[in-house]
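Okay, thanks for making time, everyone.

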Amino acid sequence: MITPIYAALLVFLYIFLSFRVIKLRLKYKVGIGDGEQSLLTRAIRVHGNFAENVPYALLLIWMYETTGGSTLLVHIMGVLLYLGRLSHAYGVSQPKEPLIYRQSGMVMTFLVMLSAALLILTHLALGYWF
């Protein structure tokens with residue numbers, strides 16, 4: 001099984017993003033909300049967006065893998081998901097956000113989810129894998 005490798009790598013990124021929010025909360029002395037601190041707002045959204053999207057993507061990759069999916073495609077989707085999350089986190093974290101990083105990160109994340117979902121449905125409908 002390959003998907004757990006990417007899940008483990010993504011957990012390290014998630015913990016890093018969590019600690020960044022904690023660090024900014026301590027710096028600005030904000031317990032709830034963002035205290036109208038734009039860097040804290042950005043860190044919260046990066047963390048939240050990760051938490052909203054990564055579990056679904058990993059679940060879909062895992063479903064594809066465990067039902068006989070291509071090892072190469074699992075690796076491609078895992079790497080693409082990780083790079084997408086890094087790109088998104090970097091872009092949104094910048095005070096003057098370069099949109100290309102946020103946009104490319106979301107495109108990569110959605111591409112992984114869409115690809116895995118289509119591969120799963122293809123298998124169910126046609127009985128074979130790509």
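So, α3 passes α4 in a left-handed crossing. Keep in mind while you look that this is a predicted model. Helix α3 covers residues 71-93 and helix α4 covers residues 99-126, and the two pack at an angle of about 155° with their axes 7 Å apart. An angle over 145 degrees counts as roughly antiparallel, and therefore that's the label for α3 and α4.

Who's actually touching whom there? On the α3 side you've got L73, M77, L80, L81, L83, G84, R85, S87, H88, Y90, G91 and V92. Facing them from α4 are Y101, R102, S104, G105, M106, M108, T109, L111, V112, S115, A116 and L119. If you sort the residues of that α3 with α4 contact by type, you get 14 nonpolar, eight polar and two charged.

Okay, next pair. How do α2 and α4 run relative to each other, parallel or antiparallel? Their axes come within 9 Å and cross at roughly 30°. The cut-off for roughly parallel is under 35 degrees, so α2 and α4 make it into that class. The crossing of α2 past α4 is left-handed. From α2, the contact uses N49, N53, Y56, A57, L60, I61, M63 and Y64. From α4, it's M106, T109, F110, V112, M113, A116, A117, L119 and I120. By type, the α2 with α4 contact splits into 14 nonpolar, three polar and no charged.

Let me stop at one residue from that list, N49, which sits in helix α2. Is N49 buried or exposed? Its relative accessibility is 12%, so N49 counts as buried. Leaving out anything up to four places away in sequence, N49 touches R85, H88 and M106.

For a pair of aromatic rings, what we quote is the distance of the centres and the angle of the planes. How many aromatic pairs does the count come to? Two.

Take Y14 and F50: the ring centres are 5.5 Å apart and the planes are at 35°, so this pair is tilted. Y14 is in helix α1, residues 3-28, and F50 is in helix α2, residues 38-66, so the pair ties together parts that are 36 residues apart in sequence. F50 has 4% relative accessibility and so counts as buried, whereas Y14 is at 30%, which means partly exposed.

The other one is Y90 with Y101, and that pair is edge-to-face, at 4.9 Å centre to centre with 80° between the planes. Here Y90 belongs to helix α3 and Y101 to helix α4, eleven residues apart.

Most residues other than glycine have a negative phi. K29 counts as exposed at 75% relative accessibility, and E36 is exposed with a relative accessible area of 77%.

Let me zoom out before I hand over. The protein chain has four helices and zero strands, and along the sequence the pattern is α-α-α-α. The chain has 130 residues, and 38% of them count as buried. Then there's the contact range: what share of the contacts with a separation of 6 or more comes from residues 24 or more positions apart? That share is 63%.

That's my tour, so over to you.

Key:
Residues are numbered from 1 along each chain as its sequence is written. This is a predicted model: local features need pLDDT of at least 70, side-chain atom pairs count only at pLDDT 80 or more; totals for chains, interfaces and linings use all residues. Side-chain values use heavy atoms; hydrogens and water are left out. Axes are lines fitted to C-alpha atoms, for helices over the stretch in contact, and angles run from 0 to 180 degrees between N-to-C directions. Angles under 35 degrees count as roughly parallel, over 145 as roughly antiparallel, 65 to 115 as roughly perpendicular and the rest as oblique. A crossing is left-handed if the near helix is turned anticlockwise from the far one by less than a right angle, and right-handed if clockwise. Contact means heavy atoms within 4.5 Å. Ala, Val, Leu, Ile, Met, Phe, Trp, Tyr, Cys and Pro count as nonpolar, Asp, Glu, Lys and Arg as charged, and the others, Gly among them, as polar. Rings of Phe, Tyr and Trp (its six-membered ring) pair if their centres lie within 6.5 Å; planes under 30 degrees apart count as stacked, over 60 as edge-to-face and the rest as tilted. Buried means under 20% relative accessible area, exposed over 50%, partly exposed in between (1.4 Å probe, protein chains only).
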